[in-house]
Amino acid sequence: MKIDDHFFRHESGRILAALTRLFGVHNLAMAEDVVQDAFCRALDVWKMRGIPENPSAWLMMTAKNRALDLLRRDRTARTFAPELGRLLESEWTVAPAVDELFAANAIKDDLLRMMFSCCNPRLPEEAQIALIVSTHAAIEKRITRAKKVLANSKRLFDVTAAAEFSERLPTVHRALYLLFNEGYHGASAETAVRQELCRESMRLIAVLVEHPQGATPATFALAALTSLHAARLPGRIDAFGNLHSLVDQDRSAWDRTLIAEGLKFLELSAIGSDMSEYHIEAAIASHHACAELWQDTDWQAIVSLYDALMSVRPSPIVGLNRAIAIAQIAGPEKGIEEVLAIPDQERLAAYPFYFATLAELALRQGRLEAARLQFGKARALARNPMERRFLDERIAACEYPIGLE
């Protein structure tokens, strides 16, 4: 098994969910300390003895043993999860209670509880995402207040309460959607793509899909959307870490298994009459994924879907993507006209690909100097080395244009 950041992130979430269920959400800091202790012990022991055959089970057992030690030491001086009550007070019941909470099915339920607890409506979206994805020191300041809100709630969200589950589910969907987007095309200073965030979002969506109350049409649509986008990642980033636009991607590198899964989820999402933004975005992604060549793309259908998306969740980014699609049908002049007509486009003033879009359309018109100027603006706003290299290549293309209309 490959031991990397994704492995530790995955295991951290599973262990933290179980420990928070055991200690109580008000002892979140204690749960985090136990996770940290387990990981530090793993690094020390595995360095000397090698990685065990089942590293996930090793970490879980280490954390469980440490938790038992703390329960035995502090059970008279500290309150733990109130719903476990007297089970944690007696030596006869504490060990069986801990064993039950660390069972595979219980951990899956605890992940749901933790996920729904993190999506507390009193928290801003960015804090919800931060709580779901990580407790690393780099974002500790951002989520300190969020943790206090979570701790003050006293207990984890009750996923068996059907009405409350349904009420909070859209907030969970939104957080997982934003988490995936942060990985797929976020604003990280290190890289344009953080695949570990995409995988984490997809893993948590899979937990929702497997839950009877979570397996809704919107959940299936979200699963379809993330699967279809993730399928294109091998073509979006090459072996040298270079970013490629959709038109230049090697489509033979796309993950056909993920495309098939995405299309299956999209079909499942059609059950019932619900039509969410995730349905529309997944349908757009399916048109891209099913086109064998760039020239095969059904741009008319994509424009119609963007029109629908603008009516459901309008935003300047959606407007920009719609303008790009229109340009494929009506030409670069019409595309530029649509870009300049985007409502609230001042919100795109710091977005490098707003200017890159204007540059690409100017390049298609043969206006090399205008294209170079817009690419320069985009380059100045680039957020990481990957974006800067990509835009440097596009600036160079203005010197030797290929295939101008």
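Which hand does the crossing of α12 and α13 have, left or right? The crossing is left-handed. A crossing is called left-handed if the near helix is turned anticlockwise from the far one by less than a right angle, and right-handed if clockwise.

Before going on, the ground rules. This is a predicted model, where local features need pLDDT of at least 70 and side-chain atom pairs count only at pLDDT 80 or more, while totals for chains, interfaces and linings use all residues. Residues are numbered from 1 along each chain as its sequence is written, and side-chain values use heavy atoms, with hydrogens and water left out.

Now the overall picture. The chain has 19 helices and zero strands. Helices (H or I, at least four residues) and strands (E, at least two) are DSSP runs, numbered from the N terminus. Of the 405 residues in the chain, 52% are buried. Buried means under 20% relative accessible area, exposed over 50%, and partly exposed in between, with a 1.4 Å probe and protein chains only. Take the contacts in the chain with a separation of 6 or more: residues 24 or more positions apart account for 64% of them. Contact means heavy atoms within 4.5 Å.

Back to that first pair. Helix α12 covers residues 256–269. Its axis and that of α13 come within 10 Å and cross at roughly 145°. Axes are lines fitted to C-alpha atoms, for helices over the stretch in contact, and angles run from 0 to 180 degrees between N-to-C directions. Who makes the contact? From α12: Arg256, Ile259, Leu263, Leu266 and Ser269. From α13: His279, Ala282, Ala283, Ser286, Ala289 and Cys290.

Next, α14. This helix has 14 residues. From first C-alpha to last, α14 reaches 20 Å, close to the 20 Å expected at 1.5 Å a residue. The expected span is 1.5 Å times one less than the number of residues. Its buried residues are Trp299, Ile302, Val303, Leu305, Tyr306 and Leu309. They sit on the same side of α14, because they cover an arc of only 165° around the axis. The arc is that of the directions from the helix axis to the C-beta atoms. What covers them? The cover includes α13 and α15.

On to the charges. Side chains of opposite charge can pair when their charged atoms come close. The whole structure holds 14 salt bridges. A salt bridge here is a side-chain nitrogen of Lys or Arg within 4 Å of a carboxyl oxygen of Asp or Glu.

First example: Arg313 and Glu277, with closest N and O atoms 2.8 Å apart. This pair links distant parts of the chain, 36 residues apart. Arg313 lies in the loop between α14 (299–312) and α15 (316–330), and Glu277 is in helix α13 (residues 277–290). Arg313 is partly exposed, at 36% relative accessible area. Glu277 is buried, at 9%.

Another: Glu338 and Arg322, with closest N and O atoms 3.0 Å apart. Again the pair links distant parts of the chain, with Glu338 in helix α16 (residues 332–340) and Arg322 in helix α15, 16 residues apart. Glu338 counts as buried at 16% relative accessibility. Arg322 is partly exposed at 22%.

Lys334 is partly exposed at 30% relative accessibility, and Glu337 is partly exposed at 48%. Through shared partners, salt bridges join Asp307, Arg322, Lys334, Glu337 and Glu338 into one network.

Stay with α16. Which of its residues are buried? Pro332, Gly335, Ile336, Glu338 and Val339. They are on the same side of α16, because their arc around the axis is only 160°. The face turned away from that buried side carries the exposed residues Glu333 and Leu340. Cover for the buried residues of α16 includes α15 and α17 (352–365).

Last stop, Thr357. Thr357 is in helix α17. Buried or exposed? Thr357 is buried, with a relative accessible area of 10%. Leaving out residues up to four places away in sequence, Thr357 touches Leu320, Ile324 and Val339. Its C-alpha atom is 8.5 Å from that of Ile336, which is 21 residues away along the chain.
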